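Student: I would like to learn how to read a structure such as this one, from its elements to its open space. Where should I start?

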Amino acid sequence: MTLAVSLLGSVMLITGTYFLQKSWTNFSPVKQTMSSLAALGAPTHRRMTILIVIVGLCLIVAALSLTLPAKPGRWLLGVAGAGALGMAAFPVPGVSANSTIHTFMATVVLVSMCLWPLGAHHYNQSGRWPVSLRTAIAVTVTMALTGIIFLINWLHGSPIMGLLERLLVTFQLGSFVVLAHRSHGSRKSEPLQPATPDVDGSRVEVSVSHI
């Protein structure tokens with residue numbers, strides 16, 4: 001289920017955003033952020049808002065259905081989903097305008113999505129999370145650096161801030177799908193634990209690897 005919702009949310013946001021910005025003749029995906037597509041008064045406001053809501057719900061469902069990652073990672077995914085719903089509930093008031101609460105919600109989403117791979121590894125007691133600590137750190141640091149670069153460009157109104165935002169979001173969603181796929185594959189590969197009778201007739205658990 002987690003793999004399905006991660007693919008659904010990621011594919012819908014990426015493809016949906018592409019077609020929405022293509023339908024808006026004067027929109028520049030290089031200069032303008034995706035929040036502008038959901039801005040009040042924008043021709044794509046309603047459709048982009050629906051996409052953001054879908055992504056938020058997919059993140060929340062993934063946070064609830066994942067079992068292998070540690071709790072901090074699942075909590076961060078849930079926070080990211082709630083932040084996305086907040087973005088939809090509080091859009092920017094205009095294409096060229098900013099909103100403090102919308103910016104806060106967007107920051108919650110981007111920061112949580114940067115940190116969740118590391119949170120999924122931290123305090124993991126099962127030993128079954130199929131991502132090494134080194135990989136989790138590398139993914140988190142790379143996304144964080146990309147996010148900082150985007151933030152600097154956004155604060156200065158850079159003409160490429162839209163492009164940088166899309167690179168960051170694509171990287172985050174791609175990491176989300178890959179980690180969900182690896183988690184799904186790891187669960188499928190777990191050995192079955194068949195019950196076998198002991199000498200005294202009681203049932204005990206024996207790992208397949210010992211048969």
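Tutor: Start with the elements. In this predicted model, the protein chain has 6 helices and 2 strands. From the N terminus on, their order is α-α-α-α-α-α-β-β.

Student: How many residues does the protein chain have, and what share of them count as buried?

Tutor: The protein chain has 211 residues, and 45% count as buried. Its accessible surface is about 11,500 Å², with 69% belonging to carbon and sulfur atoms.

Student: Which residues have the most contacts inside the largest nonpolar core?

Tutor: That core has 42 residues, and the ones with the most contacts inside it are Met48, Ile52, Leu59, Leu77, Met113, Trp116 and Phe176. At least two residues of this core come from each of helix H1 (2-23), helix H2 (45-65), helix H3 (71-89), H4, H5 and H6. The most comes from H2, with 8 residues.

Student: What share of the contacts with a separation of 6 or more is between residues 24 or more positions apart?

Tutor: In the protein chain, that share is 64%.

Student: And how do I read the empty space?

Tutor: Rolling a probe the size of a water molecule over the atoms shows where empty space is left. Here the largest pocket holds about 610 Å³ of space. Helix H4 (100-121), helix H5 (133-155) and helix H6 (161-188) are the elements that give two or more residues to its lining.

Student: Which residues lie nearest the centre of the largest pocket?

Tutor: Of its 30 lining residues, Thr103, Ala106, Leu110, Phe150 and Trp154 lie nearest the centre. The lining divides into 17 nonpolar, 11 polar and 2 charged residues.

Notes: Residues are numbered from 1 along each chain as its sequence is written. This is a predicted model: local features need pLDDT of at least 70, side-chain atom pairs count only at pLDDT 80 or more; totals for chains, interfaces and linings use all residues. Side-chain values use heavy atoms; hydrogens and water are left out. On a 1 Å grid over the protein atoms alone, a cavity is a set of points where a 1.4 Å probe fits but cannot get out, and a pocket is an open set with protein on both sides within 12 Å along at least five of seven lines; lining residues have an atom within 4 Å of a point. Grid points are joined across faces, edges and corners, and a volume is the space filled by probe spheres set on the points. Helices (H or I, at least four residues) and strands (E, at least two) are DSSP runs, numbered from the N terminus. Ala, Val, Leu, Ile, Met, Phe, Trp, Tyr, Cys and Pro count as nonpolar, Asp, Glu, Lys and Arg as charged, and the others, Gly among them, as polar. Buried means under 20% relative accessible area, exposed over 50%, partly exposed in between (1.4 Å probe, protein chains only). Contact means heavy atoms within 4.5 Å. Accessible areas come from the Shrake-Rupley method with a 1.4 Å probe; for residues, only the protein chains shown count as cover. A nonpolar core is a set of buried Ala, Val, Leu, Ile, Met, Phe, Trp, Tyr and Cys residues joined through side-chain atoms within 4.5 Å.
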